[in-house]
Structure formats: C-alpha cells, structure tokens
Amino acid sequence: MTTSIHINVDQSKGIINKNIYGHFAEHLGRCIYEGIWVGEDSPIANTNGIRTDVLEALKDLQIPVLRWPGGCFADEYHWKDGIGPSEQRKRMINTHWGGMVENNHFGTHEFLMLCEMLECEPYVNGNVGSGTVQEMQEWVEYMTFDGESPMANLRKENGRDKPWKVTYFGVGNESWGCGGNMRPEYYADLYRRYQTYVRNYGENQIYKIACGANVSDYHWTETLMKNAGQWMDGLSLHNYTFAHSWEEKGNATSFPENEWFLILKNALIMDDLITRHSAIMDQYDPNKRIGLIVDEWGTWFNVEPGTNPGFLYQQNTIRDAMVAGLILNIFHNHSDRVQMANIAQTVNVLQAMILTEGDRMLLTPTYHVFNMFKVHQDATSLPLFIDSDTYQYNGESIAQVSASASRATDGKLHISLCNVSHNEEADLCISLSGLVDSTHIRTIQGTILSGNQIDAHNTFDQPETLAPASFDGASLHEDQLKVKIPPMSVVVIAIH
Ligand code: AHR
C-alpha cells in the first residue's frame with residue numbers, strides 16, 4: 001500500500017521551539033570527564049580543557065540548550081565544591097554512578113564556559129534532595145548577580161567579573177526517585193519554597209522548571225499543576241525506551257529481530273504520554289503558559305560488555321537513529337506544549353551523540369539525525385495528515401512511516417520521514433496543498449541515513465559506516481511528491 005501524506009504548506013501549527021533539540025550532560029561515567037572535559041594539560045587536543053574534536057562536532061549540531069550537572073547527580077551536587085583553583089577542589093566518590101573519583105575539575109565556570117563556546121543556553125539543575133534553600137539561592141546569585149554581594153564577589157575572586165546569563169533552572173531532579181523519594185504533595189510544597197529564592201537579578205529572567213512525572217505518573221502531574229502550577233514555567237517529564245522493560249532492557253547491538261520492532265513500538269509511547277500529560281496540564285493551564293520539558297529521553301540498553309555497569313556506556317545503531325527520528329517527529333507534532341527536550345546524554349552515556357575512546361571519537365547515527373533535523377529548529381510547524389501503511393511483526397503492527405513538516409524563515413519546506421520497517425521499502429505520495437504554484441519549486445534536495453542491517457553502527461575503526469548521504473528518491477508531479485524510502489531509513493527532504 002502507498003502511504004499518503006497531506007501537508008498544508010500555507011498554514012501553521014505554531015513554532016517548533018528549537019529547545020526541543022536540547023541535550024543533557026551529567027557527571028556520569030565518561031560523559032563529562034573524558035567525553036567533554038580532558039583538562040588543559042591533556043595530550044588530547046583541547047580548548048581551555050574541553051576536547052576540541054567533541055566541541056567542534058557539538059558546534060555543528062547547533063545545540064540550543066544544555067542541561068547539567070544531572071540527573072541523579074544533581075541532587076548530590078554541592079556547587080561550591082566545584083569553584084576556585086581546581087587543584088584545591090574537593091575529591092570525592094560519585095556514589096550514584098560507578099563509584100569513580102569526582103575531582104570537581106568541571107564545575108560552574110567550566111560548564112558556563114562550554115555553553116558560551118557552543119553558543120547555547122545553560123540549563124542548570126539545582127539540588128533539592130540533599131541541598132539547602134540557601135545553597136540554591138546562593139548558586140543563582142553567584143551565577144547571575146551583577147552587583148555587590150557575597151556570592152558576586154566570590155565569583156569575581158574566581159576570575160569571572162561579569163555574571164552569566166542563565167535562563168533555565170531546574171528545581172530538583174526525579175524528586176520521586178533518586179532525588180529524594182518524595183510524594184508529589186510534599187515535593188509540590190518544597191518546590192514552592194525552593195523556587196521562591198531562585199531570583200531574577202537584573203536583566204536575567206529565570207525560567208523555572210519543576211520536577212515532573214516519571215513516565216505515566218499522571219497523579220504527579222495533576223498534583224504539581226494543582227498545587228504549584230502558578231510558580232512554575234516548565235514541568236518536566238522523563239521517559240526512556242527499553243526493549244522489554246526496565247529489568248530487561250535488551251542489548252544495543254547483536255539483538256534479535258523482534259527487539260528491533262519492540263524498541264520502535266515502545267518509542268511511540270512518547271506520543272501517548274505527551275498527549276495525556278498535556279491534557280492534565282490543559283485543565284490548569286488552558287493557555288499553555290507552562291512548557292512540558294522532556295528533559296530526559298532516549299534509548300537505555302544493557303551496558304557494553306566489559307564496561308562499568310554504573311557508566312551506562314552503550315553503542316548506538318541505525319535503530320537508535322530511528323528512535324531519534326520518531327521522537328523528534330512526535331515533539332514537532334506537539335510543539336504547542338513541548339517547549340524543550342534534552343536527550344540523554346551527550347557523550348559516552350545512553351543514547352549519545354558522540355562516543356570517545358582515548359583520543360578517538362565517532363559520531364553516532366543519532367548525531368546524524370539531530371544534524372539532519374536541525375533545519376526544523378524555530379521553524380513553523382505545518383499541519384500534516386498521514387495515512388500510513390502498517391509495519392507488522394509477530395501479529396503486532398505499528399505505522400510504517402512517521403512524518404513531520406515545517407517551513408523555515410527563508411521559506412524552505414522540510415519534511416522529515418522515517419521508514420521503520422526492517423525489510424520493506426516505503427512508497428509515499430505527499431500532496432502539498434496551499435502552494436501558490438508548484439512550478440515555483442526550484443529545487444528538491446534530500447538527505448538520507450540508512451542501515452543495511454538492524455544493528456548497523458559506527459566503530460572507532462570504521463567511524464563512517466553510517467553517515468548521511470544525498471537522497472534522490474523524491475520527484476514532483478504537479479503538487480504531489482512521489483517518494484520511495486528504503487527500509488531502516490531516516491530522510492529529510494528540503495523543498496525550495
Ligand atoms: O540519565 C541517567 C539517569 O536517568 C539520570 O541521572 C536520572 O535522572 C535518570 O534516572
């Protein structure tokens with residue numbers, strides 16, 4: 001069957017907030033240390049201690065926002081341990097993640113320097129679980145106050161005269177779990193208290209993000225919206241994709257064929273979660289002032305054999321690329337409520353953009369999808385109706401094709417498509433209504449990322465097995481695009 005797609009190119013569903021393309025870097029395993037921070041004295045080429053190869057690759061991605069320092073680590077992090085001369089900073093054990101020594105060499109100054117280098121917004125996650133209100137208040141003052149105060153003076157003593165711009169601040173992380181095992185009623189009260197002291201100094205306006213639900217905990221969302229909605233700008237949501245369950249995550253590579261299907265089916269749960277959490281938010285916030293902030297998402301597999309189980313290091317295949325494409329399309333289609341998302345995590349942890357080994361680095365298939373899809377950042381989301389062929393496996397079925405479309409400020413249209421079938425080509429007919437005149441279309445360009453086996457991936461010896469290539473499988477017939485997409489492919493079509 002042909003999959004039919006109808007796009008209204010002259011209409012708008014609102015703007016796709018570029019922050020949907022956000023990232024997350026935690027003090028976990030080899031994400032910060034080795035993956036991003038190597039220190040100025042490292043033999044690995046670096047820029048002020050940040051490894052240059054990773055920095056350049058991340059710059060190309062046009063990361064809009066970066067969340068730090070956790071995750072579970074955030075509720076154990078005491079920011080004053082990470083400022084001042086680095087040789088004098090406290091050494092401690094990262095108890096939550098793999099028991100490695102945390103030397104605090106990467107702290108507030110280093111993180112905010114990284115954000116400046118990437119030209120992205122910092123999203124700092126504060127400590128509610130084991131930190132005090134005073135500690136949180138002083139952190140914000142340290143980073144953002146431009147005047148005479150103990151914390152602003154301390155910042156100056158540490159070499160930074162002017163305050164930084166810090167827009168996004170999270171008040172606790174997973175407060176229902178590693179962040180304190182709280183009930184939503186209790187956390188809602190704590191949130192109200194802590195956020196009171198997260199102050200706006202001068203021009204710096206903070207967007208306050210409350211800890212939101214774990215997956216389908218709708219009671220959490222309801223309670224937070226009811227009791228604390230008026231004091232928040234964003235409410236988070238965490239949802240990871242496993243092959244079977246948290247207990248049976250499956251492997252990142254060498255997995256059975258049924259786990260290809262299961263992961264893609266489970267990735268689609270995101271759509272249902274956003275729909276249902278948004279419906280609750282709508283009751284308390286019909287004007288959609290409060291953003292749903294999906295600040296942890298992505299695949300979570302068993303760690304690579306022989307690696308520290310607490311480091312969460314996993315390979316990344318064409319299947320991860322499909323998950324990224326599916327979920328980014330879902331975010332686009334919910335751009336009225338989803339204002340930010342942060343995939344977990346940037347380097348060497350979970351569904352990473354980049355993997356490193358010593359001085360070597362590779363870009364994962366997920367990186368390539370983010371790079372191909374970045375054209376949607378801050379573009380106008382277009383109404384899209386899809387009647388997809390089905391992808392069937394072992395008596396179960398999901399849609400074979402996922403799609404979204406947007407119009408960039410320069411007028412270019414972008415359509416992103418995923419064919420999730422592991423063995424069948426997708427035949428598409430895309431009608432574009434609202435074109436003034438299809439003869440005005442000057443160019444149709446496409447880019448494709450495709451796999452030739454279900455666990456195709458890049459290795460340090462063969463880092464370009466999977467890389468985007470140009471796609472010429474789309475042709476225009478009046479106002480209809482005919483497209484053929486190979487199995488296991490993500491495609492972005494640009495129409496000028
Ligand atoms: O991303 C890994 C961990 O997953 C984070 O630290 C935590 O917030 C979540 O449970």
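# A tour of the predicted model

Begin with the largest pocket, which holds about 360 Å³ of space. A pocket here is an open set of points on a 1 Å grid over the protein atoms alone, where a 1.4 Å probe fits, with protein on both sides within 12 Å along at least five of seven lines. Grid points are joined across faces, edges and corners, and the volume is the space filled by probe spheres set on the points.

This is a predicted model, in which local features need pLDDT of at least 70 and side-chain atom pairs count only at pLDDT 80 or more, while totals for chains, interfaces and linings use all residues. Residues are numbered from 1 along each chain as its sequence is written, and side-chain values use heavy atoms, with hydrogens and water left out.

**Stop 1: the pocket lining**

Select Glu174, Trp176, Tyr240, Trp246 and Trp300, which lie nearest the centre of the largest pocket among its 22 lining residues. A lining residue has an atom within 4 Å of a point. Then colour strand E11 (residues 234-241), which gives the largest share of this lining, three residues. Strands (E, at least two residues) and helices (H or I, at least four) are DSSP runs, numbered from the N terminus. By type, the lining has 13 nonpolar, six polar and three charged residues. Ala, Val, Leu, Ile, Met, Phe, Trp, Tyr, Cys and Pro count as nonpolar, Asp, Glu, Lys and Arg as charged, and the others, Gly among them, as polar.

**Stop 2: the ligand**

Show the ligand and the 13 residues around it, of which Glu26, Cys72, Glu174, Tyr240 and Glu296 come nearest. Which side chains place a polar atom 2.7 Å from a ligand oxygen? Glu26 does, and Glu296 does too. For Tyr240, an N or O atom of the side chain is 2.8 Å from an oxygen atom of the ligand.

**Stop 3: the cysteines**

Stay with Cys72, which forms a disulfide with Cys178, the sulfur atoms 2.2 Å apart. A disulfide is a pair of cysteine sulfur atoms within 2.5 Å, and the structure holds one. Cys72 is in the loop between strands E5 (65-68) and E6 (92-93), and Cys178 in the loop between strand E9 (168-171) and helix H5 (184-196), so the link ties together parts 106 residues apart in sequence. Is each partner buried (under 20% relative accessible area), exposed (over 50%) or partly exposed (in between), with a 1.4 Å probe and protein chains only? Cys72 is buried at 10%, whereas Cys178 is partly exposed at 31%.

Next select Cys115 and Cys120. Their sulfur atoms are 3.9 Å apart, too far for a bond. Cys115 is buried at 2% relative accessible area, and Cys120 is buried at 9%.

**Stop 4: backbone exceptions**

Most residues other than glycine have a negative phi, and most peptide bonds are trans. Return to the loop between E5 and E6, where Pro69 lies; the peptide bond from Trp68 to Pro69 is cis, with omega near 5°. Another cis bond joins Ala344 and Gln345, with omega about -10°. Gln345 is in the loop between strands E13 (338-344) and E14 (354-357).

That loop between E13 and E14 also holds Leu350, whose phi is positive, near 50°. Leu350 is buried, at 2% relative accessibility. Finish at Glu119, in the loop between helix H2 (108-118) and strand E8 (121-126). Glu119 has a positive phi near 55° and is exposed, with a relative accessible area of 72%.

Technical notes: Near = heavy atom within 4 Å. Polar contact = N/O pair within 3.5 Å; in protein donor to acceptor, adjacent residues only side chain to side chain.
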